[in-house]
Amino acid sequence: MEMSRKGFVCGAAALIICAARPLVAAVADVDARIDALLAQMTLEEKIGQLWQTNGKPSQAIEAEDLSKDRSGDRFLADVRAGRYGSLIGRRGADGYNLLQRTAMEGRLGIPLLIGHDLIHSARTCFPIPLALSCSWEPELWRRIGEAIAVEALTLGCNWTFTPMSDISPDARWGRIAEGPGQDPYLASLLVPAMVKGLQGDDPADGRHIAACAKHYIGYGASTGGLDYYAVEMADGTLRDVYLPPFRAAVDAGVATVMPAFHSFNGVPCSMNRYLLTDILRGELGFDGLTISDYQAVDEMATGHGVAERGADAAAKALNAGMDMEMISDNYEKGLKAALASGRVKIETVDNAVRNILRVKFRFGLFDHPTVDVAALERTIDFPAHLALSREAARKSAVLLKNDGVLPLRPGLKVALVGDVADSVREMRGCWEHGDMSNITNTTLLAGLRADGVDVTYSSCYKLDGARNEAALRAAAADADVVVAAFGEYWGRSGENRSVTRIEFAPVQLKVLETLKRAGRPVVAVVFGGRPLALPELDREANAVLMAWNPGGAGGWGVADVLTGLAEPYGRLTVDFPNATGECPKVYNRMTTGRPSEPAGARWSTHYMDIPFTSVYPFGWGLTYTTFDYAGERVHADGDDMVFSVDVKNTGDRAGSEVVQVYVRDVVAATVRPRRELKGYARVWIEPGETKTVQIRVPKARLGYWVDGSYRVEAGEFKAWIAPHSDGGRELTFRLAE
Ligand code: BGC
């Protein structure tokens, strides 16, 4: 439409010019294009850019209806008028194109960011992030990010609210499922890899989308593991533990950051200038856009009680550094008044608009606002994505215990029991907002059958309810080995799914008892989105495989590990405590005046009724072979410490070991963790073979935040080169002044 009209305004003029120019030139003058566009914008249009709506009441209306329905008409008119900078929710490819065309028809031709929570799936469903973290494999995260991005575009999204970058120490917190685990170093490798996968080297190449590092910050440290709850945190903890994954995301160029719902040291993250401006922009150098969490600006007033709705909330959030408001309309309704009263300066509004437009330019949305979905789909190798999902499920599963019953020997009669073993939905897990209608989805039953196992399935029990004792006994009687599905339903993890019990539901212990009495070996496959307290399972089952919510191809992937078609690969990224009462439980806890190690001292830090060590510690994970560590040593080499160990495969199968380096500062200015992961390497070793593994750790990585700055201290350190966070022989080394 109105090319002539558009030709007069800068945004559209830029659009036309840019189409004829190479991208590099376009990128080089993005700032100039933003300035030119800003100069043309009315205040209403600027405020419009700062709002992300779900388009209610027409959000559910598909493309054709959008043009017919009255509310749809209104919605489109608003889009055309530039009333929104962004929409939340996927609307299908046709809806996307209609909305983008409509936005581009507007006076200034500014495209929309359309975002949705395509967290571990768009079309192909991958394991939940916590599961994926157990691969310890950044490259896997990158590849999955690439797959999600291109698939998301076919669903009409150019933005996804992932990766969740929250360090998650507390198993009670349901959102632990969405994150990269409890360790800052490992998370700082995984998170940026996902950002790179989603955004690509060239975000404007038509195959990538904007990522969002969330929830900034300290969300996983909420008091009592309660969602949305207050967080009190010392600056050192913030910077040493919670900030590193966000820093890594920013360094990787993440386009957007979402502040968390909770209050941080008394000030909601949504209006926390120290976090949003001083640290995020000032220290980390973030130049993308910040988006509030769902209605979080409103909640400063309606929940936290630190603002009034409208102008006050808008001023507090925007002045703190929140560029875009999700869903609620304080900016929309209140910013004009806040500007008029002088509480907000127009430069602050302009700056926020700039941040938003920069992302839109960066992702090529001005130049290519619509997507040719049919053409794009032809370039997507969906079977390869499914294979990647199977690979990811294999790599995410963690073998916690095995007395030799696994891998399942060919020819065995296997009884598979438990309702989740035949449920596609349970494989997928929480935050499942994609469209998997045309993609194969599997179950554990289907996976075992596909791998040629002689398997008989009977549901026998629900994870949290009724069990059929007779059917259970009959299933066991008729089999050589029982594979029993345990754990939690997917609906027990995810947002607002905090619990006070991470122990097994009583029915599962009864099932375990029955199976033990039946005298058949029991292989427990545990599904769920959080660490569970499994001491009984560890005691009673012959083997325990943590399968998590392994995704759409998870049935295959988990079966592959059980049958030995794939070697066990995963290592825990969270501790598995003995009981809920220990939460939050982390391996990198602070030392105390009366440390718990060596164990057994009466007046040491410990609980009277449970062991202090976790049932399975961070880093834990068995394979189908065994490894021996010898000759651990450490030496300095320039700016690095080099940790070496000879690892021998002492079993009769090949396998991969994750050699982990833990360090403790022995004489520090402030109390330090008993151990911290500082490096690791995965190494594949053939039976009988010995490999020397060398892990370089920059000395600069050995510091911490003290007295307002990051400091690496000279003096004595301890180190362990170990297969998990409780293992390894102690080494010492010194850092020179
Ligand atoms: C969640 C975010 C999510 C947002 C949008 C919120 O409830 O906390 O993680 O991105 O909703 O769906």
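Visitor: Is the crossing of α22 and α23 left-handed or right-handed?
Guide: A word on the ground rules: this is a predicted model, in which local features need pLDDT of at least 70 and side-chain atom pairs count only at pLDDT 80 or more, while totals for chains, interfaces and linings use all residues. Residues are numbered from 1 along each chain as its sequence is written, and side-chain values use heavy atoms, with hydrogens and water left out. A crossing is left-handed if the near helix is turned anticlockwise from the far one by less than a right angle, and right-handed if clockwise. For α22 and α23, the crossing is right-handed.

Visitor: Why is α22 called oblique to α23?
Guide: Helices (H or I, at least four residues) and strands (E, at least two) are DSSP runs, numbered from the N terminus. Axes are lines fitted to C-alpha atoms, for helices over the stretch in contact, with angles from 0 to 180 degrees between N-to-C directions; under 35 degrees counts as roughly parallel, over 145 as roughly antiparallel, 65 to 115 as roughly perpendicular and the rest as oblique. The axes of α22 (residues 469-477) and α23 (residues 506-518) come within 9 Å, and they cross at roughly 40°. α22 is therefore classed, relative to α23, as oblique.

Visitor: How many charged residues are in the contact of α22 with α23?
Guide: Contact means heavy atoms within 4.5 Å, and here E469, L472, R473 and A476 in α22 meet V511, T514, L515, R517 and A518 in α23. Ala, Val, Leu, Ile, Met, Phe, Trp, Tyr, Cys and Pro count as nonpolar, Asp, Glu, Lys and Arg as charged, and the others, Gly among them, as polar. The contact has five nonpolar residues and one polar, and its charged residues number three.

Visitor: Are α10 and α11 roughly parallel or antiparallel to each other?
Guide: The axes of α10 (residues 138-154) and α11 (residues 184-199) come within 7 Å and cross at roughly 30°. The crossing is right-handed. By their angle, α10 and α11 are therefore roughly parallel.

Visitor: How many nonpolar residues does the contact of α10 with α11 have?
Guide: From α10 come P138, W141, R142, I144, G145, E146, I148 and A149, which meet L189, L190, V191, A193, M194, K196, G197 and L198 of α11. Two of the contact residues are polar and three are charged, and the number of nonpolar ones is eleven.

Visitor: What separates the C-alpha atoms of V150 and R207?
Guide: V150 sits in α10 and is buried at a relative accessible area of 4%; buried means under 20%, exposed over 50% and partly exposed in between (1.4 Å probe, protein chains only). Leaving out residues up to four places away in sequence, V150 touches R207, L376, I380 and H385. V150 and R207 are 57 residues apart along the chain, yet their C-alpha atoms are separated by 4.9 Å.

Visitor: Is S389 buried or exposed?
Guide: S389 belongs to helix α19 (residues 382-396). Beyond residues up to four places away in sequence, S389 touches T124, C125, F126, P127, G552 and A553. Its relative accessible area is 0%, so S389 counts as buried.

Visitor: How many residues does the largest nonpolar core have?
Guide: A nonpolar core is a set of buried Ala, Val, Leu, Ile, Met, Phe, Trp, Tyr and Cys residues joined through side-chain atoms within 4.5 Å. Y216, L444, L537, W548 and L562 have the most contacts inside the largest core, whose residues number 216.

Visitor: How many residues are in the second, separate core?
Guide: Y216, from the largest core, touches residues including L243, F246, L275 and I279. The second core is separate and includes F627, F643, V647 and V693; its residue count is 21.

Visitor: Is W136, with its positive phi, buried or exposed?
Guide: W136 lies in the loop between α9 (129-133) and α10. Its phi is near 55°, a positive value in a residue other than glycine. At 3% relative accessibility, W136 is therefore counted as buried.

Visitor: What is omega for the peptide bond from K214 to H215?
Guide: H215 is found in strand β5 (residues 212-216). The bond from K214 to H215 is cis, with omega near -5°.
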